[in-house]
Structures are given as C-alpha cells and as structure tokens.
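Student: I would like to learn how to read a protein model feature by feature. Can we work through one together?

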Amino acid sequence: LRLLAVQGWEECQEHVDFVHRHDPFFDETGRELYGGFRATDDQPVGATSVYLSPQFIDACPEKTMSVFAIGTGGRVGAAELAYAKTLGLQITTINARDLNGEL
C-alpha cells in the first residue's frame, strides 16, 4: 500500500510516499481553497478537484483507486465522501479523532 498526497504546497509529511502538487486555487475574495466545493456552483476546488476528477480516476488501472475516508465528520469531508460515492469509487471509512479528541 502506497500513500499519495494531493496538495498545493511544498512541505510533505514523512509517511507520504508520493506527492502530486497542484497549483493553488483561490476564491473570488483571494482566499486560498485547499479542497471542497465552491459555494457559487458546487464545483470541486483545490485538491478535491484533482483527486476526484475524471482524469485522475481514469488514470488508475481498472479503476482500482480506493478512497480512505478518515474522520470525515466535517463539512468538507462529508461533501467529498458524498461526491466520491456518486462516482462509484470504492470507499473505506475509518473513524478517527481530531486534534481535540472529537470523532
């Protein structure tokens, strides 16, 4: 099992095997969007627009890509999980606590 991080910044954590770096995304006010969905039209932005894009998913042999949904209780994580389900991706859910100990 190898871990790919899709991110818009240079730093990478030690446990990551591969990094796909994308250009940063900004909203109309200039705020950087790391992922999720644009409020104006529900289109994926940031890392979400990369790793849940048809081009990225179709590049995986025989669509063997799996989504590991770790601690997706927040607004963005829940929206990404719902979107991934509409794409028919294999999803493994892992409950995890955040830095405050919340599930």
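Student: Where is P24 found, and is P24 buried, exposed or partly exposed?

Tutor: This is a predicted model, so the values below are computed from predicted coordinates. Exposure is read from the relative accessible area: under 20% is buried, over 50% is exposed, and the range in between is partly exposed. P24 has 36%, so P24 is partly exposed. P24 sits in the loop between β2 (18–21) and β3. Its C-alpha atom is 5.2 Å from that of G8, although the two residues are 16 apart along the chain.

Student: How far apart are the C-alpha atoms of D27 and W9?

Tutor: D27 and W9 are 18 residues apart along the chain, and their C-alpha atoms are separated by 17 Å. D27 belongs to the loop between β3 (25–26) and β4. With a relative accessible area of 17%, D27 falls under the 20% cut-off and is therefore buried.

Student: What is the accessibility of G30, and where does G30 lie?

Tutor: G30 also lies in the loop between β3 and β4. At 47% relative accessibility, G30 counts as partly exposed, because exposed would need over 50%.

Student: Which residues does F37 touch?

Tutor: Leaving aside residues up to four places away in sequence, F37 touches D42, Q43, P44, V45, T48, A79, E80 and Y83. F37 is in the loop between β4 and α1. Its relative accessible area is 21%, so F37 is partly exposed. The C-alpha atoms of F37 and V76 are separated by 7.6 Å, and these residues are 39 apart along the chain.

Student: T48 is among those partners. Is T48 buried or exposed?

Tutor: T48 counts as buried, because its relative accessibility is 0%. T48 is placed in helix α1. With residues up to four places away in sequence not counted, T48 touches G35, G36, F37, S53 and E80.

Student: How do I read a pocket, and what is the volume of the second largest pocket?

Tutor: Rolling a probe the size of a water molecule over the atoms shows where empty space is left. The second largest pocket has a volume of about 240 Å³. It is lined by 14 residues, and the closest to its centre are R31, L33, F37, R38 and A39. The lining divides into 6 nonpolar, 3 polar and 5 charged residues.

Student: Which helix gives the most to that lining?

Tutor: Helix α3 (residues 75–86) gives the most, with 3 residues.

Student: How does the radius of gyration of the protein agree with that of a compact globule?

Tutor: A compact globule with 103 residues would have a radius of gyration near 13 Å; the protein has 14 Å, which agrees. Along its principal axes the C-alpha trace spans about 40 × 35 × 30 Å.

Student: What do the totals for burial, contacts and surface come to?

Tutor: Of the 103 residues, 28% count as buried. Among contacts with a separation of 6 or more, residues 24 or more positions apart account for 36%. The accessible surface comes to about 7,600 Å², and 52% of that surface belongs to carbon and sulfur atoms.

Conventions. Residues are numbered from 1 along each chain as its sequence is written. This is a predicted model: local features need pLDDT of at least 70, side-chain atom pairs count only at pLDDT 80 or more; totals for chains, interfaces and linings use all residues. Side-chain values use heavy atoms; hydrogens and water are left out. On a 1 Å grid over the protein atoms alone, a cavity is a set of points where a 1.4 Å probe fits but cannot get out, and a pocket is an open set with protein on both sides within 12 Å along at least five of seven lines; lining residues have an atom within 4 Å of a point. Grid points are joined across faces, edges and corners, and a volume is the space filled by probe spheres set on the points. Helices (H or I, at least four residues) and strands (E, at least two) are DSSP runs, numbered from the N terminus. Ala, Val, Leu, Ile, Met, Phe, Trp, Tyr, Cys and Pro count as nonpolar, Asp, Glu, Lys and Arg as charged, and the others, Gly among them, as polar. The radius of gyration is taken over C-alpha atoms; the globule rule is 2.2 Å times the number of residues to the power 0.38. Buried means under 20% relative accessible area, exposed over 50%, partly exposed in between (1.4 Å probe, protein chains only). Contact means heavy atoms within 4.5 Å. Accessible areas come from the Shrake-Rupley method with a 1.4 Å probe; for residues, only the protein chains shown count as cover.
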